[in-house]
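Q: I am new to this structure and would like a close look at one part of it. Could you walk me through the place where the ligands sit and the protein parts around them?

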Amino acid sequence: MRVLFATAEVAPIAKTGGLGDVCGSLPKALAALGHEVIVFMPYYRQAREWFEANGVVPEVAVPTTQVIWANWSAESTVLTTTLPGSDVPLYLIANDFFFDRRQIYATRDDGFDDFLLRYTFFCRAVINGCSTLGIAPDILHAHDWHTALMPVYLDSGLRGNPAFRATRSVYTIHNLNYQGVAAANAFSITGLHSRYWRPDAVEHWGQVNPMKAGILFADQVTTVSPNYAREIQTPVLGAGLDGILRSLSFKLTGILNGIDVEEWNPESDEHLRSTYSAERLAGKNLSKRALLREAKLAYRARTPLMAVVSRMADQKGFQLLIPILTRLLRLGAQAVVLGSGEAAIEDGFRAAEAENPKSCRVWIGFDNALAHRIYGGADFLLMPSMYEPCGLNQMYALRYGTVPVVRLTGGLVDTVHPFDGSNGDVANGFGFAAPSSDELFAATWLAILNYRDAKTWKQLQRNGMAVDFSWDRSAHEYEDVYERARTI
Ligand code: ADP
Ligand code: GLC
């Protein structure tokens, strides 16, 4: 099959979270199964910098042309290279006005947030690029709200374009809470006919809602774990779209994300001070010592090192952790934190660091190499998420023998098996259910206690390291979904 990926993030070129990881690794897994996969992403400033730093010079595939849709027009240049470490073609849509910004999701310089326009432009430029390059996909695979309008365009006449005559669409929800909602007067940006301004199309309670439209118009919808697929059909985690998702559950599938097991491999990770495996765990201790040195914290035997690597958003539940962090540290633990995002959360962690300078180090920023060193050196990873569509952090942690302590929600339920004192043969982490600081405290305290029992701890580490999180299994499930999209 010829599969077209249209996505706002691709790791390692430009990412803010797991969307990038998935769109950087799933295409390679599908290509390995024999499919022809083509990826389109915006040519952000961050992408240009990544290519420069890595000595890659993308070539011009389509010289600058005007992309015109309804009353709109903007210039696009299509560049091409391959996904790093593969021969999967990667096409980059360049338009500096939209994409040459300080951060991937930054507003315009004047502070105006033109999010709907810049990603609508991206969708239209992908369509233009495909027709010019003669790319006729069997499957158009859109991801999250940024490219959610593409299935709508297929419905609204795009199949008249020879490149898209036989194209079916699959839409993957990575995070239902980011819907790309804009005011009603932004509807004209989509360029869609007014017949799409209705509740069973783009309109949702008087606003433009690309997420909803993508769900309605895609031939198949997936989300990134089986448990999240169930949760989003409930009012609690349905983000206002649970009714629609329930009514369309016949075309909704939860497929657990995989990870790039080459990039994330403690046996060969070049970012680590010392590589290691489940059989030879000594290297993990050396990596821990190196990480502590980097954090300017003293190495203390039998003192667990807790870690956080995350976007700092409400979703991640740090409002549960920050109030109890000092108490946990005083129980005899250390902590390293890496992340950036909402100022209140960053400030909360900074305050905890100031209060506990000898046991807590906080790095505000985005640093992939440091993230690797943290998964390699920490003893446990804290993920008290309020909701978590899949979560990749816990999978990286498990693979690195770093025991996750998680709130049991979304994909965390599908990947972490909490230790209950008697299930040492299968357990690989610790979990709690209610979104409360007390429950998080109890679960982390249990982890600290068990850390002191070297035999149990090693068993938990080994159970986690033995799990196969490679894309092989999930890539086959995507194949099945593509088949369903083609045969309905
Ligand atoms: P989400 O996509 O919701 O942010 P995931 O767990 O799916 O959560 O993916 C997070 C990804 O982003 C992981 O690859 C993680 O290592 C990475 N990440 C998050 N914050 C940072 C950071 N500050 N520095 C480096 N990597 C980060
Ligand atoms: C989203 C979710 C995260 C998931 C990632 C990749 O960012 O928040 O849970 O792992 O997408 O699918």
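Predicted model: local features only at pLDDT ≥ 70, side-chain atom pairs only at ≥ 80, totals over all residues.

The domain assignment gives domain 1 (2-258 + 471-486) and domain 2 (282-465). Their C-alpha centres are 32 Å apart. The two domains also meet: 20 residues of domain 1 are in contact with 17 residues of domain 2. About 1,400 Å² of area is buried between domain 1 and domain 2, and carbon and sulfur atoms give 59% of that. On the domain 1 side, K15, N227 and L256 supply 25% of the area buried against domain 2, more than any other three residues.

Now for ligand 1. Both domain 1 and domain 2 give residues to its shell, so ligand 1 lies between them. There are 22 residues around ligand 1, and K15, G18, R311, K316 and G365 come nearest. On its own, ligand 1 has 560 Å² of accessible area, and the protein covers 94% of it. As for the elements involved, α1, β12 (305-312), β13 (334-341), α13 (368-377) and α14 (393-399) each supply at least two residues of this shell.

Ligand 2 comes next. Its shell also draws residues from both domain 1 and domain 2, so ligand 2 lies between them. Ligand 2 is surrounded by 14 residues, with H174, N257, E388, C390 and G391 the closest. Six of the shell residues are nonpolar, six are polar and two are charged. Helix α1 (residues 18-32) gives the most to this shell, with three residues. A polar side-chain atom of N257 is 2.8 Å from an oxygen atom of ligand 2. The backbone takes part as well: a polar backbone atom of C390 lies 3.0 Å from an oxygen atom of ligand 2, and one of G391 lies 2.8 Å from an oxygen atom of the ligand. Of the 310 Å² of accessible area that ligand 2 has on its own, the protein covers 93%.

Methods. Residues numbered from 1 in each chain as written. Chains lettered and ligands numbered in written order. Heavy atoms only, no water. Near = heavy atom within 4 Å. Polar contact = N/O pair within 3.5 Å; in protein donor to acceptor, adjacent residues only side chain to side chain. Areas by Shrake-Rupley, 256 points an atom, 1.4 Å probe, with all protein chains shown as cover. Helix = DSSP H or I, 4+ residues; strand = E, 2+ residues; numbered from the N terminus. Nonpolar A, V, L, I, M, F, W, Y, C, P; charged D, E, K, R; others polar. Domains from an automatic or database assignment. Contact = heavy atoms within 4.5 Å. Buried area = accessible area lost by both parts, 1.4 Å probe.
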